[in-house]
Amino acid sequence: MLEYYDEVGHKDWTHAETGADVLKAQHPEFENWNQGIHARSGVACADCHMPYQREGAFKISDHHVRSPLLNVNRACQTCHKWSEQELKARAEQIQDRTMQLRNVAMDALVALIADIKAAKAAGAADEQLAAARKAQRHAQFLLDYCEAENSMGFHAPQEVARILGLSIDRSRQGQLSVRPVLIGSGRNAPGRPADGNPWHRERERLESEADADTHPGPPLVHRGLFFLSTVINYIDRQTLSVLAPYLKTEFTWSNADFALIIISFRVAYAVGQTGAGQVLDRVGTRNGLSWASPSTQWPRC
Ligand code: HEC
Ligand code: HEC
């Protein structure tokens with residue numbers, strides 16, 4: 001179908017945002033059923049959608065054409081000996097799986113459209129967009145083929161999965177084809193769109209990681225100062241224990257008095273270590289440390 005449309009150059013409409021010539025699938029129930037196990041086994045539309053019923057002595061077909069799942073007993077159980085519940089569950093499982101794959105295909109197509117728009121906004125020429133537009137035309141038609149078909153996969157589950165797989169592939173190929181344009185537009189180039197395209201977010205993440213690699217962190221001097229300011233804290237505390245015998249005689253402290261001093265250190269630690277991180281986060285490392293280092297030292301001076 002797609003090959004034919006490409007050959008004759010047919011389009012149903014032009015996508016306003018990307019400029020792609022796109023197609024509209026027209027409820028391909030017959031085409032899809034044709035690829036499924038029921039068609040292969042000679043089960044026709046009417047067997048499911050217009051099952052036989054008895055009116056007195058007459059055997060007639062139901063002309064109230066509707067979802068066979070509303071009438072599993074006559075629509076399916078003439079052939080299948082499974083319970084009504086089981087038949088319904090099998091049909092619905094096929095539909096749920098199809099729906100999931102259809103959503104993935106839809107996301108891929110939307111991502112492609114966003115990329116083409118971004119490339120256009122970055123000033124891409126028509127010939128740079130040609131491959132992506134063609135990919136959009138194909139991906140959109142393949143997806144629409146499954147979407148416009150009303151059985152949500154039931155008429156031919158495997159065929160629908162195959163077509164949705166092709167659609168996803170075309171969308172991603174299209175995205176790849178505009179990649180050079182998007183990268184070429186540069187990080188800070190004017191016209192670079194600030195949109196919600198997940199691919200752009202991914203690229204920003206990679207770029208910021210690359211930036212981090214080229215910035216080696218604070219210089220050696222700063223690291224040395226951090227180290228010393230921590231070490232001096234510990235030396236202070238140890239000094240107290242070392243000097244304990246002299247301090248006790250000089251100030252006539254009992255062991256209990258000295259223990260109180262040690263305990264007050266511990267209490268300060270407990271309070272400080274619980275809250276200091278949050279305070280530092282709030283005021284920033286630079287301000288926080290400039291304030292913290294002297295203020296932890298002065299009481300000891
Ligand atoms: C093996 C049974 C079976 C056969 C054969 C079959 N269908 Fe269906 N059809 C279904 C089931 C099951 C659904 C899904 C109904 C639902 O989701 O409620 C469905 C859905 C549909 C729908 C959507 C109806 C709705 O209420 O949502 C249309 C239209 C349709 N089929 C047309 C056809 C046509 C045309 C053919 C033949 C080319 C065909 N079907 C052959 C079982 C069948
Ligand atoms: C006229 C007979 C007939 C009717 C009516 C019919 N089927 Fe079938 N169905 C078949 C045949 C034949 C197969 C192929 C399985 C086989 O050969 O063992 C099949 C296969 C299936 C399968 C397995 C599909 C797969 O890919 O393996 C499911 C599920 C199924 N049918 C559900 C239904 C449901 C639901 C309905 C009613 C909406 C229905 N069938 C109506 C004859 C029928």
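How many residues surround ligand 2, and which are the closest? In this predicted model, 16 residues surround ligand 2, and the closest are Ser 41, Pro 68, Cys 76, Cys 79 and Arg 90. The elements that give two or more residues to this shell are α3 (37-40), α4 and α6 (84-121), and of the elements α6 gives the most, with 3 residues.

Ligand 1 is surrounded by 20 residues, the closest being Cys 45, Cys 48, Ser 67, Asn 150 and Ser 151. Two or more residues of this shell come from each of α2 (29-33) and α4 (45-49), with α4 providing the largest share, 4 residues. The make-up of the two shells by residue class is set out below.

Most residues other than glycine have a negative phi. His 27, in the loop between β2 (21-22) and α2, has a positive phi near 40 degrees, and Met 152, in the loop between α7 (126-148) and α8 (157-177), has a positive phi near 45 degrees. His 27 counts as exposed because it has 11 C-beta neighbours inside 10 Å, where exposure requires 12 or fewer. Met 152, by contrast, has 19 C-beta neighbours inside 10 Å and therefore counts as partly exposed, since a residue is buried if 20 or more lie within that distance.

Key. Residues numbered from 1 in each chain as written. Chains lettered and ligands numbered in written order. Predicted model: local features only at pLDDT ≥ 70, side-chain atom pairs only at ≥ 80, totals over all residues. Near = placed C-beta within 6 Å.
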